[in-house]
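Please examine the sequence and the structure below before reading on.

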Amino acid sequence: MSAKLIKCPDCGRTNRVPAAAPGTPRCGNCHQPLPWIADAGDATFQQIAGQSPVPVLADLRAEWCGPCRMVSPALEQVATDLAGRIKLVKVDVDQAPKLQQRLSVQAIPALMILRNGQVVARRAGAAPASDLRAWVEQTIDREHGA
Ligand SMILES: [Zn+2]
């Protein structure tokens, strides 16, 4: 299972964050929640996104896609703002043809929120971090029945 090096937004310590875990990652130094960002493909999506302990914000993208590159930092900002509450899972659709078909991705970037592996919200195209954060928060709050 792959891991990413994530810098703690609170203390600056670099942590090794696994792509899949039973609980949300915390900084080994200051114990604050860390942004959880992982890459997934056809073979790993079920484990990384389907079994996530928190809602997943999935970013279906491709290297050649300009709007995808534009929205990527905004999504990472949302993952940082909502550390401990969501997991950002990036999927390169060129490397994941089965997922692209199963999730009915017609255009990229395709953004989806999944809970327990089920898509509960989706949108297409780039947007500012503030818009994306509001969308994610509204969706996961609604899912909590709040
Ligand atoms: Zn820290």
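The following paragraphs treat a metal site and then a strand with its neighbours.

This is a predicted model, in which local features need pLDDT of at least 70 and side-chain atom pairs count only at pLDDT 80 or more, while totals for chains, interfaces and linings use all residues. Residues are numbered from 1 along each chain as its sequence is written, and side-chain values use heavy atoms, with hydrogens and water left out.

The zinc ion has as its protein donors the SG atoms of Cys8, Cys11, Cys27 and Cys30, which lie 2.3 Å from it. Donors are N, O and S atoms within 2.8 Å of the metal (3.2 Å for Na, K and Ca); water is not among the atoms, so sites may look incomplete. The angles among the four donor atoms are 103 to 118°, and the site is tetrahedral (four donors with all angles between 85 and 135 degrees). Along the chain, the donors of the zinc ion follow the spacing C-x2-C-x15-C-x2-C. Both cysteine 8 and cysteine 27 are buried, that is, under 20% relative accessible area with a 1.4 Å probe and protein chains only.

Strands are DSSP runs of E with at least two residues, numbered from the N terminus. In strand β4 (residues 56–61), six of six residues are buried. Val56, Ala58 and Leu60 lie on one side of β4, and Leu57, Asp59 and Arg61 on the other. Strands pair if DSSP finds at least two bridges between them. β4 pairs with strand β5 (residues 87–92) in the parallel sense over six bridges, and aspartate 59 has lysine 90 as its bridge partner in β5. With strand β6 (residues 110–115), β4 pairs in the antiparallel sense over five bridges; there, leucine 60 has alanine 110 as its bridge partner.

Conventions:
Four donors count as tetrahedral if all angles lie between 85 and 135 degrees; four count as square planar and six as octahedral if opposite donors are over 155 degrees apart and all others between 65 and 115; anything else is irregular. Buried means under 20% relative accessible area, exposed over 50%, partly exposed in between (1.4 Å probe, protein chains only). Helices (H or I, at least four residues) and strands (E, at least two) are DSSP runs, numbered from the N terminus.
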